[in-house]
Amino acid sequence: MAKIVVTHLEKSVMLPLVRPGRWYWALVGVLSAIVAWAAYAYTVQLQQGLVVTSMRDRISWGLYVSTFVFFIGISHAGTLVSAILRVTDANWRKPITRLAEAITVFALIVGASMVIIDLGRPDRLLYIAQFGRIESPILWDFTSITFYLTGSLLYLYLPLIPDLATLRDKMPVKARFRRWLYTRLAARWEGLPEQRRRLERALGAMAILIIPVAVSVHTVVSWIFGMTLRVGWHSTILGPYFVVGAIFSGVATLIIVMAGVRKLFHLEGIIKPIHFRNLGLMLLALDIVLLYFTLSEYLTAIYPGETQDVAWLTLLGSGQFAAMFWWMIIGGLIVPAVFVAVTRAKSVPAVVIAAILVNIGMWIERYLIVVPTMATPQTPSVIAPYWPSWVEWSVLAGAVAGFGLLLLAFCRFFPVISMWEVAEKAPTPLPEATPLPEPTPAEVAD
Amino acid sequence: MAEPSEREAFEVSRREFLRWTGLAGVAIAAAGSAPFLLAEAPEPASGSPDRRRRWTMLIDLRRCDGCKRCEVACRKEHNVPEGQNWLKVFTLTAASGTFFLPRPCMHCENPPCVKVCPVNATFRTEEGLVLIDEARCIGCRYCMAACPYDVRVFNWAKPNPPESPEEHPPDPIFGHRDHRQGVVEKCMFCAHRLKDGRLPACVEGCPMLAIYFGDANEDFVSNGYERLRLSTVLSSQQTFRYKEDLGTEPRVYYLPVRR
């Protein structure tokens, strides 16, 4: 048997699988503790009921639903970076596609669990499948999120296959479980021309299929609100507003995760400033679109001066939500835009700080979509003021930590960089139009 | 014979409401003003569409003095959990001064809450009652967000059990005094009383006789002491429905304070 050749790229990408390092375990420890605390908070809620939240009859949706919208939003990272850039054949995407696709899957899992946490009767969850009424926007959501999760898992798995084969061949012999796992998952990949052709075709098809599914997901999430008779929700802009906001916070999350993984696993040689720069510019463009949508939405509401619209916007602009609202506009939209524009996205820390601000702002934006509408009186009923309880904040912290933990677990078992794609020098040849390429030595180890 | 539209005082037992409904039908038919005959003791919601109920409430705001005895009667009837109001008397201010607006569930013909329910836990019966199947509700509270009248309430905590334990079939038509945590509830127009031919608890509880209840298909409503011909009231008086422009088609009509 020939000697196993491990390239420099493979070595640096595979190292975290074997020896993730002290900081990795420290991070896992901290995040696990937060998740454990959130799990405790949830058991308190299960025992005593939703009364332990601050939600009451008039403001009956709060932090949980906002966080659901937020996480479903950041799941759009994968679609944009991976699918859109794959379709347009942007080659710089290659080192970051894997991370984007993983973010999609984990954000969807965390987001969907927020809805279950919000249910008064989580034990009856499957009634949605059993007695589902297709007239309800919740059913539209259930359907499209299920589709999206399935598609995203497939879309994460397919480009993993060549890398899994590499791992199968190059993991140390003593790592028996790993070798068994990778052998199963690699699906007998040998890098044969026919296999490569089929993989390219499958990826091309998936990239195109996943884009409309992703757009539909956040559109129907917005329609949960848009289909009601309530001020601030009943608006045609809500669908596109949610989709752009989703891609916006998705890109921001990708930037943050990239920075973290790069630092943690010393991947500075693979995830380069150019990636931060390109994503930073994308963030800027989406920021401007979102500012435009925000202006369009609020100006259209305030200018005619309808009583309900004015009541709602007064709560936002100068009422109980003013601090959050102006933080969202200034800290979450204007400052990040200025940051990226002034540095021309050439500074990695500037882009990362902008991305963090954007994500805080986007979470607040989701909160401000859900809560102020419910706080706007539609009858003379008394509306108990809402500020999330410790249980709700704990669950939010647990959701963020759980998301990080899922990503870290993924990093422990799978390469966070798509090795075979990065190793490809030339752009991916189109499957039908060009002769089949020979596998490079990096991919076939003999 | 007098016009059936006139207010007539009837001295009948309230508990015989439905039988009385039949008699009123006979009276109306005899006067030649109704195309259908209801000679036998009626039974709810069966047979031809003519015989089907179309429950309707009419509230005379001029009579309402805001004493909230209807709220008390409702609370007593349903053992309404603490902090909830299935029927709520709003105090409103107009140019003419303050007035009161009792707000039960509107039992809309085009109910926004029923539209959005993902599991068919809330539904509209053929008789026009919007009810909740507490054994089906998953507690997503989408219906609460969708209701423009703030009618729906949620059992956030474990509600107090009734003084005496009760057995009732898992049927939303049955009134229940034991409430379940984690589900949405609301005014049910006392569907369990209607079944037995009785008026809703709030109608009986109103000392001002301001609340009328009846069947639009039989074209009359009653507050327990007098009956009104609904179509005449609607055509001759300036009745309104709450947030009529939303298109929800409420089954609750109001007679305004000033007419």
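How many residues of strand S2 (residues 55-60) of chain B are buried? The tour returns to this strand below.

This is a predicted model, in which local features need pLDDT of at least 70, side-chain atom pairs count only at pLDDT 80 or more, and totals for chains, interfaces and linings use all residues. Residues are numbered from 1 along each chain as its sequence is written, while chains are lettered from A and ligands numbered from 1 in the order in which they are written.

**Stop 1: strand S2 of chain B**

Select residues 55-60 of chain B. In S2(B), 6 of 6 residues are buried; a residue is buried if 20 or more other C-beta atoms, placed from the backbone, lie within 10 Å of its own, exposed if 12 or fewer, and partly exposed in between. Strands (E, at least two residues) and helices (H or I, at least four) are DSSP runs, numbered from the N terminus. Trp55(B), Met57(B) and Ile59(B) point one way from the strand, and Thr56(B), Leu58(B) and Asp60(B) point the other way. In a regular strand, side chains alternate between the two faces of the sheet.

S2(B) and S9(B) run antiparallel and are joined by 5 bridges; two strands pair if DSSP finds at least two bridges between them. Thr56(B) has Gly214(B) as its bridge partner in S9(B). Then show residues 252-255 of chain B, strand S12, which runs parallel to S2(B) and is joined to it by 4 bridges. Here the bridge partner of Asp60(B) is Leu255(B).

**Stop 2: the two chains**

Display chain B as a whole: it has 7 helices and 12 strands, and 46% of its 259 residues count as buried. Chain A, by contrast, has 17 helices and 0 strands. Buried residues make up 46% of the 446 residues in chain A. The C-alpha atoms of chain A fill a box of roughly 80 × 50 × 45 Å along the principal axes.

**Stop 3: where the chains touch**

Select the contact between the chains, which takes 32 residues from chain A and 33 residues from chain B; two residues are in contact if their C-beta atoms, placed from the backbone, lie within 7 Å. On the chain A side, helix H6 (127-130) and helix H7 (137-157) each supply at least two residues. The largest share of that side, 3 residues, comes from H7(A).

**Stop 4: helix H13 of chain A**

Move to residues 307-317 of chain A. The buried residues of H13(A) are Trp312(A), Leu313(A), Leu315(A) and Leu316(A). Seen down the helix axis, these residues fall within an arc of 150 degrees, so they line one face of H13(A); the arc is that of the directions from the helix axis to the C-beta atoms. They pack against helix H12 (273-302), helix H14 (322-343) and helix H15 (348-375) of chain A.

**Stop 5: an exposed loop residue**

Finally, select Arg188(A), in the loop between helix H9 (176-185) and helix H10 (193-226) of chain A. Is Arg188(A) buried or exposed? Arg188(A) is exposed, because 10 other C-beta atoms lie within 10 Å. From Arg188(A) to Glu200(A), 12 residues apart in sequence, the C-alpha to C-alpha distance is 16 Å.
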